[in-house]
Amino acid sequence: MSDAPLPAAEARKKYLVFLAVRLAGLAVMFAGVWLMREVGQGPGLVAVLIGGATLFIRPRHLGLTRK
């Protein structure tokens, strides 16, 4: 991996993708809680788990930071 920093436009694009994934994951988690209350525990639990899994994505997975 090169030691050169990312260009500002590329870093901004990757950060916005990271932020969108994080916010979408939170939205899916809230939808899962709503599903648990309205539909049943099965579909709601699946949605909460999928939304929670998105919260494990870190900026380094998108190349924003180095190891």
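**Exercise 1. Work out which hand the crossing of helix 1 and helix 2 has.**

Let's start with the answer: helix 1 and helix 2 cross in a left-handed way. That word applies if the near helix is turned anticlockwise from the far one by less than a right angle; clockwise would be right-handed. Helices here are DSSP runs (H or I, at least four residues), numbered from the N terminus.

A quick word on the model: it is predicted, so local features need pLDDT of at least 70 and side-chain atom pairs count only at pLDDT 80 or more, while totals for chains, interfaces and linings use all residues. Residues are numbered from 1 along each chain as its sequence is written, and side-chain values use heavy atoms, with hydrogens and water left out.

**Exercise 2. Find the angle between helix 1 and helix 2, and say how they run.**

Step one: the two helices pack at about 165 degrees, and their axes are 7 Å apart. Axes are lines fitted to C-alpha atoms, for helices over the stretch in contact, with angles from 0 to 180 degrees between N-to-C directions.

Step three: look at who touches whom, with contact meaning heavy atoms within 4.5 Å. Helix 1 brings residues including Gly25, Met29 and Gly32, and helix 2 brings residues including Gly44, Val48 and Gly51.

**Exercise 3. Which residues of helix 1 are buried, and what do they pack against?**

Buried means under 20% relative accessible area, exposed over 50%, and partly exposed in between (1.4 Å probe, protein chains only). In helix 1, the buried residues are Phe18, Gly25 and Gly32. They pack against helix 2 (41-54).

For contrast, take Ala27, also in helix 1: its relative accessible area is 45%, so it is partly exposed. The C-alpha atoms of Ala27 and Gly51 are 7.5 Å apart, though 24 residues separate them along the chain.

**Exercise 4. How many aromatic pairs does the structure hold, and where?**

Searching the whole structure turns up one. Tyr15 and Phe18 form this tilted pair, 6.3 Å centre to centre with 40 degrees between the planes. Rings of Phe, Tyr and Trp (its six-membered ring) pair if their centres lie within 6.5 Å; planes under 30 degrees apart are stacked, over 60 edge-to-face and the rest tilted.

Both residues sit in helix 1 (residues 8-38), three residues apart, about one turn of the helix. Phe18 is buried at 12% relative accessible area, whereas Tyr15, at 43%, is partly exposed.
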